[in-house]
Amino acid sequence: MSMFSTIICCLNLNENPEVLVDYVCDTVRVNDARLILTYIIPSREQMERKTSRDDSYLENIYAESRERIIEDVNSFSKKHFASLMPIVEIIEGREDEEMLKLIDRYCADLVITGSITTKSFRFFGINANKSLDNIIGRSRIPVMIIPNELNLECVPS
């Protein structure tokens, strides 16, 4: 009997995604689960509030960044998760709010994400650490955080 049937993986391509990939693939296979890959892009309104700009300059940067993110996420998905046939969700909005909606939309029973370090994802000043804290605190399902420097070797002292 599988413990998890639908697993959401939050991608953050700025950190060390290879560690996350291995862990997610193993967990999905062991549980014969459905995989939802997600990347949440801050909304244009969030960026406007953080930058105090709402002109064509910001619009161009946002459009270019969004297109690049979509290409990167789809490429990353094909390269690392193709055998699992994931559903890829690239969503705009507040990370914590959109993640909670996604959990309910897919009736997910586990979220896996990488840890966020000092080189954390900061897109126009939007702090991913705070969003991750909100997801953990408000989620109705387990949230598993995979350290960027995962090391399962333990030598008793």
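View 1. Glu-71 sits in helix H3, which spans residues 56–81; helices (H or I, at least four residues) and strands (E, at least two) are DSSP runs, numbered from the N terminus. This is a predicted model, in which local features need pLDDT of at least 70, side-chain atom pairs count only at pLDDT 80 or more, and totals for chains, interfaces and linings use all residues. Residues are numbered from 1 along each chain as its sequence is written, and side-chain values use heavy atoms, with hydrogens and water left out. Together with Glu-64, Glu-67 and Asp-72, Glu-71 forms a negative surface patch. A patch like this is made of residues with over 30% relative accessible area and no salt bridge, like charges being joined within 9 Å. Glu-71 is exposed, with a relative accessible area of 54%; exposed means over 50%, buried under 20%, and partly exposed in between (1.4 Å probe, protein chains only).

View 2. Look for Leu-150 in the segment after strand S7 (143–146). Leu-150 is partly exposed, at a relative accessible area of 31%.

**View 3. Asp-96 inside helix H4.** Asp-96 belongs to helix H4 and is buried, with a relative accessible area of 1%. Its side chain makes a polar contact with the side chain of Asn-134 at 2.9 Å. Such a contact is a pair of N or O atoms within 3.5 Å; within protein, one must be able to donate a hydrogen and the other to accept it, and residues adjacent in sequence count only if both atoms are side-chain atoms. Other buried residues in H4 include Glu-95, Glu-98 and Met-99.

**View 4. Asp-109, a buried charge.** Asp-109 is in the loop between helix H4 (95–105) and strand S4 (110–114). Asp-109 is buried yet has no salt bridge, meaning a side-chain nitrogen of Lys or Arg within 4 Å of a carboxyl oxygen of Asp or Glu. The nearest side chain of opposite charge, Arg-140, is 8.0 Å away. A polar atom of the Asp-109 side chain does lie 2.9 Å from the backbone nitrogen of Ser-5.

View 5. Most residues other than glycine have a negative phi. Asp-32, not a glycine, has a positive phi of about 45°, and lies in the loop between helix H1 (17–31) and strand S2 (34–41). Met-85 also has a positive phi of about 45°, and is found in the loop between H3 and strand S3 (87–92).

Terms used:
Patches are made of residues with over 30% relative accessible area and no salt bridge: like charges are joined within 9 Å, nonpolar side chains (Val, Leu, Ile, Met, Phe, Trp, Tyr) within 5 Å. Accessible areas come from the Shrake-Rupley method with a 1.4 Å probe; for residues, only the protein chains shown count as cover. Lys and Arg count as positive and Asp and Glu as negative; His and the chain ends are not counted. The place of a charge is taken as NZ of Lys, CZ of Arg, CG of Asp or CD of Glu.
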